Amino acid sequence: MKVKARFFSELMTALSLMMDLDENRKLYHAWRVAIVAEKMSRQILPEYRTQIFYAGLLHDIGAISLQDHVIHYTDIKEHFKNPILFNHCRKGAQIAMEIGPLAIAADMIMDHHEHWDGGGYPRGLKGNNINLGGQILRIADTFDILARVRPPLDLNGVKTILTSRRGSEFSDLMYELMISTLESGNFFEEIMDDKRVSEMLPEIISSLPPVDFSSCNSELRNVAKIIAQVIDAKHSYTAGHSERVASYTFKLATALGLHEDEAEKYEIAAFLHDAGKVAIPRSILDKPAALTIEEYKLMKKHPVYTMEIMSMVSELKDLVRIAGGHHERYDGRGYPDGSARDNIPLGARIMAVADAFDAMTSFRPYQKTKSKNEAKIVLVQNAGAQFDPEIAKLAISVL
Ligand SMILES: [Fe+2]
Ligand SMILES: [Fe+2]
Ligand SMILES: [Fe+2]
Ligand SMILES: [Fe+2]
């Protein structure tokens with residue numbers, strides 16, 4: 001299945017929104033930076049509007065594995081000391097490159113923490129050696145972080161802070177451009193208003209020239225696979241988890257006699273099954289000890305967030321319940337819905353086996369890693385309780 005431009009914009013929009021959840025509050029950081037940067041670019045880089053918009057949405061995607069949301073690291077000295085922060089531009093650029101049609105956005109992301117005076121990172125570039133899109137992202141990023149301290153600043157307050165960084169963090173040109181953008185019409189009031197921001201984003205997407213997918217290898221499956229790698233990058237020990245679950249899911253589905261197209265759909269759902277983890281704090285995901293009741297409650301929300309993300313993408317709507325049902329149990333004691341037996345979609349029942357099998361056979365801080373045979377014994381022991389017995393039996397010969 002070839003990816004349509006709309007698929008791509010919807011998925012980026014959904015992921016960037018969920019990555020910006022901070023203690024259950026939507027920050028809209030990526031959305032705001034994308035909106036401000038796109039508006040600024042209309043004056044100096046109109047031909048790159050689309051690329052800069054997506055660069056804005058994805059600019060901090062490389063920081064997904066930080067302990068706290070990236071906006072909390074306001075001291076640049078910390079950015080030099082913390083390796084995840086220091087590398088997030090490079091990593092984000094790499095992700096954008098892999099998506100294919102975003103090579104130009106990748107260069108912008110790479111430079112989004114460079115400072116006009118050479119005091120930024122990762123390369124310490126100076127002046128106009130810094131990518132122009134990267135310069136726009138820098139000031140848009142700073143604007144969003146500074147403007148929304150609590151209580152939020154008014155336009156004069158924002159101007160005062162931006163003025164103090166003029167000539168060091170960004171150029172006179174960027175400063176003038178930012179001020180004229182903020183002062184045009186009601187833009188400042190609109191961008192400070194979450195509700196308005198959530199309306200503006202789809203308006204902008206539909207007004208942008210679409211991303212050109214014609215020249216790249218953008219099968220839906222491949223994009224889902226890249227996103228899987230991003231999701232798994234959130235915490236160290238899940239590297240490769242979503243890809244393995246996808247491959248087990250595909251194998252089990254074909255062994256069950258499903259048509260290849262159907263099996264591929266399940267595989268795509270499996271690539272994205274833990275997408276909701278982008279919204280769970282790392283302190284919970286990585287906690288080596290037992291979770292408190294409150295933490296466990298939050299952890300159990302990840303399939304709900306997965307469904308929220310996938311519901312925002314038209315082409316994934318059919319797969320929402322499949323991906324969101326991977327922690328349901330055959331006996332009805334699972335979550336989030338507590339559905340049982342045939343009320344759980346077949347794809348979800350398959351994925352429950354694939355997911356548990358991978359969790360048992362790969363490293364987790366809270367358990368001893370099992371061999372494939374040991375894991376299969378557990379699958380059989382739990383057939384009819386946690387797992388669909390037919391699928392658990394099939395796993396013995398297929399996985
Ligand atoms: Fe950043
Ligand atoms: Fe940022
Ligand atoms: Fe999960
Ligand atoms: Fe999982």
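Residues are numbered from 1 along each chain as its sequence is written, and chains are lettered from A and ligands numbered from 1 in the order in which they are written. Because the model is predicted, local features need pLDDT of at least 70 and side-chain atom pairs count only at pLDDT 80 or more, while totals for chains, interfaces and linings use all residues.

The chain has 21 helices and two strands; these are DSSP runs numbered from the N terminus, with helices (H or I) of at least four residues and strands (E) of at least two. The radius of gyration of the chain is 22 Å, close to the 21 Å that the globule rule gives for 399 residues, so the chain is as compact as a globular protein of that length. That radius is taken over C-alpha atoms, and the globule rule is 2.2 Å times the number of residues to the power 0.38. Along its principal axes, the C-alpha trace spans about 70 × 45 × 35 Å.

Of the 399 residues, 45% count as buried. A residue is buried if 20 or more other C-beta atoms lie within 10 Å of its own, exposed if 12 or fewer do, and partly exposed in between, with C-beta atoms placed from the backbone. Contacts are defined with C-beta atoms placed in that way: two residues are in contact if these atoms lie within 7 Å. Among contacts in the chain with a separation of 6 or more, 66% are between residues 24 or more positions apart.

Helix packing comes next. In what follows, axes are lines fitted to C-alpha atoms, for helices over the stretch in contact, and angles run from 0 to 180 degrees between N-to-C directions. Helix H1 (residues 5-19) packs with helix H3 (residues 49-58) at an angle of about 30 degrees, with their axes 9 Å apart. On the H1 side the contact involves Met12, Thr13 and Ser16, which meet Tyr54, Leu57 and Leu58 of H3. By class, this contact has four nonpolar, two polar and no charged residues. Here Ala, Val, Leu, Ile, Met, Phe, Trp, Tyr, Cys and Pro count as nonpolar, Asp, Glu, Lys and Arg as charged, and the others, Gly among them, as polar.

H3 also packs with H7, at an angle of about 45 degrees and with their axes 10 Å apart. That angle makes H3 oblique to H7; angles under 35 degrees count as roughly parallel, over 145 as roughly antiparallel, 65 to 115 as roughly perpendicular and the rest as oblique. Gln51, Ile52, Ala55 and Gly56 of H3 make the contact with Gly133, Ile136, Leu137 and Ala140 of H7. Its residues are five nonpolar, three polar and no charged.

Helix H7 (residues 132-147) packs with helix H2 (residues 29-44) as well, at about 130 degrees and with axes 9 Å apart. H2 and H7 are therefore oblique to each other. From H2 come His29, Arg32, Val33, Val36, Ala37, Met40 and Ser41, and from H7 come Ile136, Leu137, Ala140, Asp141, Phe143 and Asp144. This contact has eight nonpolar, two polar and three charged residues.

Leu146 is also found in H7. Leu146 is partly exposed, with 17 other C-beta atoms within 10 Å. Beyond its neighbours within four places in sequence, Leu146 is in contact with Leu153, Val158 and Ile161.

Helix H17 (residues 302-311) is largely enclosed by the rest of the structure, because seven of its 10 residues are buried. These are His302, Pro303, Tyr305, Thr306, Met307, Ile309 and Met310. They pack against H1, helix H16 (293-299) and helix H18 (320-324).

Some backbone details remain. Most residues other than glycine have a negative phi, and most peptide bonds are trans. A cis peptide bond joins Tyr121 and Pro122, with omega about 5 degrees; Pro122 lies in the loop between helix H6 (103-110) and H7. The bond from Tyr335 to Pro336 is also cis, with omega near 5 degrees, and Pro336 lies in the loop between H18 and helix H19 (346-361).

Arg341 is found in the loop between H18 and H19. Its phi is positive, near 40 degrees, and Arg341 is partly exposed, with 13 other C-beta atoms within 10 Å. Tyr28, in the loop between strand E2 (25-26) and H2, has a positive phi near 60 degrees. Tyr28 is buried, with 21 other C-beta atoms within 10 Å.
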